[in-house]
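Please read the following note alongside the sequence and the model. It takes a few elements in turn for a reader who is new to them.

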Amino acid sequence: MASSSSSGLTFKLHPLVIVNISDHYTRVKSQLNPPPLTSTSATVNGVENQQQAPRVYGCVIGVQRGRTVEIFNSFELLYDPSTHSLDRPFLKKKQELYKKVFPHFYILGWYSTGSDAQESDMHIHRALMDINESPLYVLLNPAINPTQKDLPVTIYESELHVIDGIPQLIFVRSSYTIETVEAERISVDHVAHLKPSDGGSAATQLAAHLTGIHSAIKMLNSRIRVLHHYLVGMQKGDIPCENSLLRQVSSLLRRLPAIESEKFQDDFLMEYNDTLLITYLAMFTNCSSTMNELVDKFNTAYDRHSRRGGRTAFI
Amino acid sequence: MDIEQNQAELIDNFVKQASAQKGTALGSVILEATSHPSLFAFSEILAVPTVAELEGTENSVYLKVLQLFAHGTWSDYRSNCSSLPQLVPDQVLKLKQLTVLTLAETNKVLPYDELMMELDVMNVRELEDFLINECMYAGIVRGKLDQLRRCFEIQFAAGRDLRPGQLGSMIQTLSNWLGTSDNLLVSIQEKIKWADTMSELDKKHRKEVEARVEEVKKSVSVKKLQTVSRPKLSSEGSRISTLNLVE
């Protein structure tokens with residue numbers, strides 16, 4: 001059903017939409033999840049499995065400027081399984097409300113979850129065509145696949161293709177880019193750097209932090225390696241000299257070393273020493289408090305003896 | 001990076017013009033190229049075969065001018081000004097800009113005195129005006145002017161055309177950079193391993209201590225059956241505190 005789109009539109013997707021859709025799906029799924037059943041019947045398990053992958057629906061809104069379609073936000077909709085369509089009056093109400101807050105946003109399409117676009121989706125798609133003559137269908141695949149590198153989000157457009165002599169509307173896949181506003185960048189960065197929330201031990205937090213730095217430097221390393229390889233090739237003559245690139249590389253290399261002044265060394269060493277001293281002080285405090293406790297315990301223990309045996313206390 | 005994009009069109013333009021003409025006519029092309037306010041790259045024009053042919057002919061001065069603009073500085077011009085044609089003010093300005101770029105190649109912090117000497121400028125005011133208007137607003141240099149310490153800290157400078165030997169040193173710098181970052185990666189991994197081992201050791205130690213405490217508790221509750229007179233708590237307390245003493 002999906003081939004590549006030929007409409008020439010460029011799509012820009014904001015992370016807010018992805019977070020909204022996944023939040024909607026997670027909420028519905030966790031609300032539907034019944035308490036652990038003790039039944040062992042296979043049919044019940046089958047029904048349970050189906051219930052564990054609910055489909056959620058909603059609308060996506062945004063702006064279309066020329067050939068660029070930018071999807072900013074989304075909201076949820078109710079799906080009426082009997083008529084196989086979305087709840088229309090609710091949609092209108094929501095649209096009005098959003099228009100008041102965001103006058104520039106239009107309904108660009110709708111979203112749903114699942115692993116692939118289905119035939120029944122075309123029905124909903126057609127229904128939305130009276131609001132937007134070419135709606136978008138954003139599909140989120142909630143299955144977690146650790147080997148997958150891309151986002152499990154696909155955007156489909158509808159195109160009129162002639163199949164077996166009958167013109168039909170089919171879904172075609174389109175490519176998109178992610179566009180972030182400053183606020184979105186901050187929250188996405190925050191989520192990406194989640195540390196283990198139980199506080200872990202100092203060692204696990206240190207290891208997590210160091211692993212982050214390690215991967216960042218590894219990326220830098222691989223890019224420098226590519227440049228190095230390229231220049232060596234140019235020197236050997238395998239690659240024709242491209243002067244503009246050489247100029248850019250030389251200007252880049254001139255920025256190294258980034259900081260080398262004496263003042264920096266002084267400040268850096270001072271801060272390093274301060275940190276070491278504070279750690280030492282903390283250790284000291286810990287040790288002295290443990291000693292104190294030990295002495296108290298000793299006193300408590302031997303105090304009873306001394307009353308009977310006439311010995312004096314330890315301290 | 002934007003400078004390169006801005007120049008790309010101009011370079012194409014001039015290369016086409018240069019390859020279309022020969023001999024004396026090239027002189028005017030070179031003049032135009034070296035006075036153009038946004039063009040700082042000349043090695044492409046140098047590479048055009050018709051330009052290279054100028055070597056040795058009576059028009060070789062034009063070739064020398066182009067080479068001067070590609071690799072030389074203002075002081076080179078002053079020392080050789082007998083063999084080179086008179087430069088128009090636009091060219092003088094451009095040569096001075098290129099001089100700043102060359103100076104930026106060696107140091108990140110340029111003292112005002114050195115700049116004034118290289119650029120033939122008498123006072124600080126003129127120097128600062130030149131740096132601000134011609135270099136920073138043109139986008140070829142980014143940095144900070146420190147008037148108190150009389151120096152110019154350069155954060156970014158556009159690249160000049162490469163001399164043939166510079167490629168080798170650039171490769172050297174890149175391999176050094178690679179070496180340093182590789183070492184850094186290795187030491188970070190060692191630190192991560194160290195942190196993990198330390199936490200393992202700590203956990204093991206904790207477990208051992210708890211195991212011994214359990215042992216002692218059990219042995220005490222066995223002994224409790226024998227001593228009836230003393231309350232259980234104090235005897236247990238004494239046992240545990242003696243254990244702490246031993247540890």
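1. Which residue is the bridge partner of L13(A) in β10(A)? The partner of L13(A) there is I178(A), and this pair belongs to a contact between strands in which β1 (residues 10–13) of chain A is joined to β10(A) by three bridges, the two strands running parallel. Strands here are DSSP runs (E, at least two residues) and helices likewise (H or I, at least four), numbered from the N terminus, while two strands count as paired if DSSP finds at least two bridges between them.

2. Before going further, please keep in mind that this is a predicted model, in which local features need pLDDT of at least 70 and side-chain atom pairs count only at pLDDT 80 or more, whereas totals for chains, interfaces and linings use all residues. Residues are numbered from 1 along each chain as its sequence is written, chains are lettered from A and ligands numbered from 1 in the order in which they are written, and side-chain values use heavy atoms, with hydrogens and water left out.

3. The sheet of chain A is open and has eight strands, in the order β9-β8-β7-β6-β2-β3-β1-β10, with mixed pairing. Its edges are β9 (166–174) and β10 (176–178) of chain A, each of which pairs on one side only.

4. Within this sheet, β3(A) pairs with β1(A) in the parallel sense over four bridges, and there F11(A) stands opposite V69(A) of β3(A). With β2(A), in contrast, β3(A) pairs in the antiparallel sense over nine bridges, and C59(A) has F75(A) in β3(A) as its bridge partner. β2(A) and β3(A) form a hairpin with two residues between them, and G66(A) in the turn has a positive phi of about 65°.

5. β3(A) is mostly covered, since eight of its ten residues are buried, where buried means under 20% relative accessible area, exposed over 50%, and partly exposed in between (1.4 Å probe, protein chains only).

6. Helix α1 (residues 15–32) of chain A lies across several strands, including β1, β2 (57–65) and β3 (68–77) of chain A, and runs at about 20° to β3(A). Such angles run from 0 to 180 degrees between N-to-C directions, with axes fitted as lines to C-alpha atoms, for helices over the stretch in contact, and contact means heavy atoms within 4.5 Å.

7. Elsewhere in the chain, F264(A) is found in helix α8 (residues 262–309) of chain A and is partly exposed, with a relative accessible area of 36%.
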